[in-house]
Amino acid sequence: MKTAALVLLLAYLLSAPVTGQRESRERCICVGPGQNAVRLQLVENIKVYMPSPSCSKQEIIVTLKHSGVQKCLKPDSKFAQEIKKAMQKSLFKKKMFI
């Protein structure tokens, strides 16, 4: 009798639909909206991160001189678009003269 109950319980558990929790916790560096612009005289380094499996949005991170503070820029801002254009032009020039 116990065996029949166990078999029925096992059959029920195997036939029950299973829905897993899929939380999309992205691990983006930038949290929040970001800034529209930063004074270029204060910029030491610029990093552009393209969308990836760990973060579905593009991120532009600017490191400031002297303090080393990192600021996130809004990728859609006019300032960020100009920075991306300038970076692409400089990469293109470097590739042509190598």
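Helix H1 is hardly covered: of its 14 residues, the number that are buried is 0. The model is predicted. In total, the protein has 2 helices and 3 strands. Along the sequence, these elements follow the pattern α-β-β-β-α.

**Helix H1**
- H1 covers residues 2-15, and Leu 13 is placed in this helix.
- With 14 residues at 1.5 Å a residue, H1 should span 20 Å.
- Leu 13 has a relative accessibility of 52%. Residues count as exposed when that value is over 50%, so Leu 13 counts as exposed.

**A nonpolar patch**
- Leu 13 also belongs to a nonpolar patch on the surface, together with Leu 6, Leu 9 and Tyr 12.
- Together, Leu 6, Leu 9, Tyr 12 and Leu 13 have about 470 Å² of accessible area.
- An α-helix has 3.6 residues a turn, so residues three or four places apart point the same way.

**The whole protein**
- The protein has 98 residues, and buried residues make up 20% of them.
- Its accessible surface comes to about 8,600 Å². Carbon and sulfur atoms account for 60% of that surface.
- Consider the contacts between residues at least 6 apart in sequence: 43% of these join residues at least 24 apart.

Note on methods. Residues are numbered from 1 along each chain as its sequence is written. This is a predicted model: local features need pLDDT of at least 70, side-chain atom pairs count only at pLDDT 80 or more; totals for chains, interfaces and linings use all residues. Side-chain values use heavy atoms; hydrogens and water are left out. Helices (H or I, at least four residues) and strands (E, at least two) are DSSP runs, numbered from the N terminus. Buried means under 20% relative accessible area, exposed over 50%, partly exposed in between (1.4 Å probe, protein chains only). Contact means heavy atoms within 4.5 Å. Accessible areas come from the Shrake-Rupley method with a 1.4 Å probe; for residues, only the protein chains shown count as cover. Patches are made of residues with over 30% relative accessible area and no salt bridge: like charges are joined within 9 Å, nonpolar side chains (Val, Leu, Ile, Met, Phe, Trp, Tyr) within 5 Å. A salt bridge is a side-chain nitrogen of Lys or Arg within 4 Å of a carboxyl oxygen of Asp or Glu. The expected span of a helix is 1.5 Å times one less than its number of residues.
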